[in-house]
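Biologist: I would like to learn how to read charged pairs and helix packing in a model such as this one. Could we go through them together, one feature after another?

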Amino acid sequence: MGIKRNRIVVKVGTSTLTNEHGNSNLRAMESLVLAISDIQNMNNEVILVSSGAIAVGANKMHLPEKPKEMRMKQAAAAVGQCENMFLYDKFFGYYNKTVAQILFNAEDITHEEKKENLANTFETLLEQNIIPIVNENDSVSYTEIESEEKLFGDNDMLSAVVAILCRADKLVILSDIDGFYNKDPRLYKDAKLISRIEEIDESTYALAGGAGSRRGTGGMRTKLQAADIATAQGIDVIVTNGKNTDALYDIVNGKKVGTLFVAKK
Ligand code: ADP
């Protein structure tokens with residue numbers, strides 16, 4: 001009571017959802033689901049943007065390694081998406097939550113009518129207290145899985161697009177690292193966490209290395225791009241570690257965690 005109802009988009013990457021063998025990381029998934037369910041019970045609206053379909057699918061298909069060939073990637077995405085939704089449905093079901101799957105591509109939101117339909121679907125689901133779970137529609141698109149530039153970068157950009165489309169208050173990007181550092185902590189032991197960034201410019205991009213972890217794809221660069229477009233639309237963006245799902249409680253309680261990219265207006 002008296003607490004503002006916040007609309008929060010939470011993005012979780014492959015590196016959080018799968019373990020080093022490419023299997024689903026059930027503990028990580030379960031603790032994420034618990035935190036999101038609790039946060040929704042605290043009168044917030046939550047949209048989850050979840051990656052990991054190709055890695056999970058490849059594993060379920062018993063492929064010896066993550067597929068390189070386009071058609072195999074798309075097949076693995078179709079298998080893995082199904083498995084991920086099955087697990088989400090089951091885990092969220094423990095807490096009496098209903099989930100919905102939304103798959104779309106960059107092309108869909110360049111089309112005004114489709115964009116409006118999508119926004120209306122999100123609005124209706126949230127109104128019904130349903131948790132939309134979003135991924136790129138990998139089996140019909142290749143912007144995410146094939147693009148040289150890694151345009152959506154393991155869904156970082158997709159999560160910003162969703163946050164803007166749904167006029168979210170906050171975008172939380174859960175990564176395999178505690179936040180944005182002054183240099184890549186994987187390469188430099190003395191790297192320092194930057195807890196607040198007001199302005200994203202060339203000097204900020206210079207601090208982010210190339211693509212990230214073996215299982216993730218975007219690295220910090222795509223997270224900065226996502227933060228750039230979302231903050232420009234008045235959305236606070238927080239990058240923090242997916243291993244610590246308690247951070248989600250801190251975020252809704254207005255406590256400092258990870259790196260906050262401050263909204264522009
Ligand atoms: P996810 O799958 O969670 O999206 P990624 O592997 O794509 O994660 O991106 C996170 C990785 O980005 C980190 O593990 C780190 O190695 C790398 N990185 C590069 N530059 C930085 C930086 N300045 N601060 C933090 N991480 C960085």
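**Reading salt bridges and a helix pair**

Modeller: Let us start with one side chain, bearing in mind that the model is predicted: Arg-71 is exposed, with a relative accessible area of 59%, and the side chain of Arg-71 meets that of Glu-69 in a salt bridge, at 3.0 Å from N to O. Glu-69 counts as partly exposed, because its relative accessibility is 44%.

Biologist: What is the general idea behind such a pair, and how many salt bridges does a search of the whole structure find?

Modeller: In general, side chains of opposite charge can pair when their charged atoms come close. In this structure, the search finds 13 salt bridges. One of them joins the side chains of Arg-7 and Glu-123, with 2.8 Å from N to O. Arg-7 belongs to strand 1 (residues 7–12) and Glu-123 to helix 5 (residues 112–127), so this pair ties together parts that are 116 residues apart in sequence.

Biologist: Is Arg-7 buried or exposed, and how should I describe Glu-123?

Modeller: Arg-7 is buried, with a relative accessible area of 9%, whereas Glu-123 is partly exposed, at 27%; the cut-off for buried is under 20%.

Biologist: Which other pair links distant parts of the chain?

Modeller: Consider Glu-199 and Lys-264, whose side chains meet in a salt bridge at 3.7 Å from N to O. Glu-199 sits in the loop between strand 6 (196–197) and helix 8 (202–207), while Lys-264 lies in the segment after strand 8 (259–261), and the two are 65 residues apart. Lys-264 is partly exposed, with a relative accessible area of 42%. Salt bridges can also share partners, and in that way Arg-7, Glu-45 and Glu-123 are joined into one network.

Biologist: Now for the helices: how does one describe two that pack together?

Modeller: Two packed helices are described by the angle between their axes and the distance between the axes. Here, the axes of helix 7 (residues 156–165) and helix 9 (residues 219–232) come within 8 Å and cross at roughly 15°. The two helices are therefore roughly parallel to each other, since angles under 35 degrees count as such. Helix 7 passes helix 9 in a right-handed crossing.

Biologist: Which residues make the contact, and what classes do they fall into?

Modeller: From helix 7 the contributors include Met-157, Val-161 and Ile-164, and from helix 9 they include Thr-222, Lys-223 and Ile-229. By class, the contact of helix 7 with helix 9 has seven nonpolar, three polar and two charged residues.

Definitions and conventions:
Residues numbered from 1 in each chain as written. Predicted model: local features only at pLDDT ≥ 70, side-chain atom pairs only at ≥ 80, totals over all residues. Heavy atoms only, no water. Salt bridge = Lys/Arg side-chain N within 4 Å of Asp/Glu carboxyl O. Helix = DSSP H or I, 4+ residues; strand = E, 2+ residues; numbered from the N terminus. Buried < 20%, exposed > 50% of the residue type's maximum accessible area, 1.4 Å probe, protein only. Axes fitted to C-alpha atoms, helices over the stretch in contact; angles between N-to-C directions. Parallel < 35°, antiparallel > 145°, perpendicular 65-115°, else oblique. Left-handed = near helix turned anticlockwise from the far one by under 90°. Contact = heavy atoms within 4.5 Å. Nonpolar A, V, L, I, M, F, W, Y, C, P; charged D, E, K, R; others polar.
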